[in-house]
Amino acid sequence: MKSCGIIAEYNPFHKGHQYQIEEAKKKTSADVMIVVMSGNFLQRGEPAIVDKWKRAEMALASGADIVIELPVAFSVQPADYFAKGGVALLQEMRCDVLSFGTESGTAEEFQQFAADWLKNEEQIEAAFQQFKNNGGTYSEQMQQAAESVLSKHSLDLQLPNTILGLAYAKENSRYRHPMLLEPIQRLGAGYHEKQLQKTSFQSATAIRKQLLEQQISGQISNVDKQALKAAVPAKVFNILVDSQLVDWNAFWPFLKYQLIVQSEEQLRQTYQMNEGIEYRLKEFVTQAENFEHFVELVKTKRYTWVRLQRLFTYVLLQFTKDIADEALDGPKAIRVLGFSAAGQQYLSQTKKSVSIPIISRLHQKNKDLWEIDIQAGKIYQLATGEVTKEQDFHRLPLRKVEA
């Protein structure tokens with residue numbers, strides 16, 4: 001069975017994601033579409049708008065055959081570590097092709113750029129250190145570093161999906177048997193677009209904003225309702241409107257508690273708590289009116305909104321430097337969230353060749369393989385109020401009901 005893999009967040013799943021799955025399957029002639037999906041906390045340091053099970057259900061209903069959870073140690077990370085975890089899991093699953101959305105670039109361009117980058121990695125890192133404090137964003141600084149070392153290239157490293165695509169290509173190139181690459185051109189609204197546009201391919205940011213505003217106000221205009229319905233598959237829309245939606249504001253009391261009760265010394269043990277930022281957090285936490293106000297008070301040129309959100313997630317999860325050192329070596333298990341009939345067949349075909357355990361059900365004997373994520377799931381539930389059903393223990397993978 002030929003397999004094609006996608007690394008995703010689906011926060012939430014929308015028609016652009018459905019288009020990517022359909023195009024990737026068509027272009028690669030894949031029998032099975034494997035999605036490695038972030039769990040309850042995401043790359044930009046945000047909680048998912050709905051939990052991993054609901055998002056896995058969305059993916060299965062829209063063309064995915066297997067959904068595997070990306071461990072939180074990798075899911076709340078910049079592009080390189082995010083890619084490391086996702087590519088490692090697809091490699092374990094013996095995936096043939098890696099597909100990703102991008103604003104620009106062909107498979108050949110990504111492969112060549114990745115090869116050039118890896119060949120000159122030390123020089124690029126040295127150049128990056130020179131641009132590090134010039135006031136630009138991370139992506140601007142990395143673009144400058146790459147251009148100062150590498151020959152002319154066509155990839156724009158200031159575009160978010162292109163940055164991720166390059167991270168996937170670099171990580172994939174480190175393997176003895178790299179997957180083929182299949183970039184899919186992104187259509188419609190831009191990644192950072194905050195308002196719904198006149199297109200079926202909306203940004204996840206705009207969809208989240210509209211849904212959260214609707215939840216706060218308790219109502220939605222017919223125009224916005226129709227725009228949302230046009231932006232997501234019908235089953236996804238039904239899941240979203242029936243769910244308790246989550247953002248950082250729901251976790252603000254828990255984060256505030258952690259920052260108040262932990263000493264500066266305790267906070268310094270948190271992963272990525274560097275340069276004395278713990279003193280700034282302690283200073284402003286009791287002055288802030290809400291989460292957004294807190295970020296505005298704390299952020300600096302070096303500590304951007306996204307960097308702070310990741311740091312706050314590590315504080316919330318008590319993800320320490322010692323825990324990170326071990327966790328970031330690589331995924332310890334393959335946690336299956338759901339599958340179709342074809343996906344189940346592929347799992348049966350592949351399970352004897354993987355080098356790490358495949359977990360379809362968490363219990364006392366295998367819980368140590370998933371300890372960090374079990375805790376993350378329990379913390380996520382503090383904000384949802386859905387405490388009657390465990391996020392992890394004794395949950396069986398979802399099974400796609402075939403038409």
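Contact here means heavy atoms within 4.5 Å, and by that criterion Gln309 touches Arg44, Gly45, Glu46, Trp248 and Phe291, not counting residues up to four places away in sequence. This is a predicted model, in which local features need pLDDT of at least 70 and side-chain atom pairs count only at pLDDT 80 or more, while totals for chains, interfaces and linings use all residues. Residues are numbered from 1 along each chain as its sequence is written, and side-chain values use heavy atoms, with hydrogens and water left out.

**Gln309 and its helix**
- Gln309 lies in helix α16 (residues 305-317), where helices are DSSP runs (H or I, at least four residues) numbered from the N terminus.
- With a relative accessible area of 5%, Gln309 is buried, a term that means under 20% relative accessible area with a 1.4 Å probe and protein chains only.

**Helix α4**
- The end C-alpha atoms of helix α4 (residues 79-92) are 20 Å apart, which agrees with the 20 Å that its 14 residues should span at 1.5 Å a residue; the expected span is 1.5 Å times one less than the number of residues.
- Because 11 of its 14 residues are buried, α4 is largely enclosed by the rest of the structure; among the buried residues are Phe82, Val87, Leu89, Leu90, Gln91 and Glu92.
- Arg94, which follows α4, has a positive phi, near 55 degrees.

**Packing of α5 against α8**
- The axes of helix α5 (residues 107-119) and helix α8 (residues 160-173) come within 9 Å and cross at roughly 65 degrees, the axes being lines fitted to C-alpha atoms over the stretch in contact and the angles running from 0 to 180 degrees between N-to-C directions.
- That makes α5 roughly perpendicular to α8, a description that covers angles of 65 to 115 degrees.
- On the α5 side the contact is made by Phe110, Phe113, Ala114, Trp117 and Leu118, and on the α8 side by Thr162, Gly165, Leu166, Ala169, Lys170 and Ser173.
- These contact residues divide into 7 nonpolar, 3 polar and 1 charged, where Ala, Val, Leu, Ile, Met, Phe, Trp, Tyr, Cys and Pro count as nonpolar, Asp, Glu, Lys and Arg as charged, and the others, Gly among them, as polar.

**Packing of α5 against α6**
- α5 also packs with helix α6 (residues 121-131), at an angle of about 80 degrees and with the axes 5 Å apart, and the two helices are therefore roughly perpendicular to each other.
- Trp117, Leu118 and Lys119 in α5 meet Glu121, Gln123 and Ile124 in α6, a contact that has 3 nonpolar, 1 polar and 2 charged residues.

Technical notes
Parallel < 35°, antiparallel > 145°, perpendicular 65-115°, else oblique. Buried < 20%, exposed > 50% of the residue type's maximum accessible area, 1.4 Å probe, protein only.
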